[in-house]
Amino acid sequence: MVLRLRIRVCYGDKCVEGLGIANSGFAGREPEAVLPQELVRELLGERPNVVLIERVLADGSRVFLPRLTDPLDIYVITEDRVEGPVKAYAYITRGRFILLNDALLSKLRIVILDPFEGVWCFKDELGRMERRETAS
């Protein structure tokens, strides 16, 4: 099972929302996200500024992915709070979901308690509250 969260992505005054996957195995040293091509088009238009970056995937294979040259503001949205913004660079793919790397999850203060059941909390709620995936 994957943990899906409601994510808001902003560039300047324009924002779009989508579903983000928190436990995708996407690791990195700085906050990064993978965004669906359609979401990027809606946010930045038909020709966003990108560079090709080589990435090593979770299985060890290497791919070149287009990465936006400017960082975006990323938020996680719940029924009772908004956490963010966190500045993150974003890669563009043809997928349907926003993928959040471990560094971005950490900056958004997300703690995954049970990845199979979709149970999580914010760091300041640890031991006091459990949240369940509500996005679908």
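1. **Basis.** This is a predicted model: local features need pLDDT of at least 70, side-chain atom pairs count only at pLDDT 80 or more, and totals for chains, interfaces and linings use all residues. Numbering runs from 1 along each chain as its sequence is written, and side-chain values use heavy atoms, leaving out hydrogens and water.

2. **Largest pocket.** Its volume is about 280 Å³. A pocket here is an open set of points on a 1 Å grid over the protein atoms alone, where a 1.4 Å probe fits, with protein on both sides within 12 Å along at least five of seven lines; lining residues have an atom within 4 Å of a point. The volume is the space filled by probe spheres set on the points, which are joined across faces, edges and corners. Of the 14 lining residues, Phe 26, Val 34, Val 56, Leu 57 and Ala 58 are the closest to the centre.

3. **Lining.** At least two lining residues come from each of β4 (50-56), β5 (62-68) and β7 (82-93). Strands are DSSP E runs of at least two residues, and helices are H or I runs of at least four, numbered from the N terminus. The lining splits into 10 nonpolar, 3 polar and 1 charged. Asp, Glu, Lys and Arg count as charged; Ala, Val, Leu, Ile, Met, Phe, Trp, Tyr, Cys and Pro as nonpolar; the others, Gly among them, as polar.

4. **Helix α1.** Leu 39, Val 40 and Leu 43 are buried in α1. The buried residues of α1 fall within an arc of 100 degrees seen down its axis, so they line one face of the helix. The arc is taken over directions from the helix axis to the C-beta atoms. Glu 38 and Glu 42, on the other side, are exposed. Buried means under 20% relative accessible area, exposed over 50%, partly exposed in between (1.4 Å probe, protein chains only).

5. **After the helix.** Gly 45 follows α1 with a positive phi, near 95 degrees. Glu 46 lies in the loop between α1 (37-44) and β4. Glu 46 is exposed, because its relative accessibility is 62%. Its side chain makes a polar contact of 3.3 Å with that of Arg 41. Such a contact is a pair of N or O atoms within 3.5 Å; within protein, one must be able to donate a hydrogen and the other to accept it, and residues adjacent in sequence count only if both atoms are side-chain atoms.

6. **Arg 55.** Arg 55 sits in β4. It is buried at 14%. Its side chain meets that of Glu 32 in a polar contact of 2.5 Å.

7. **Glu 83.** Glu 83 belongs to β7. It is buried at 16%. A 2.7 Å polar contact links its side chain to that of Arg 81.
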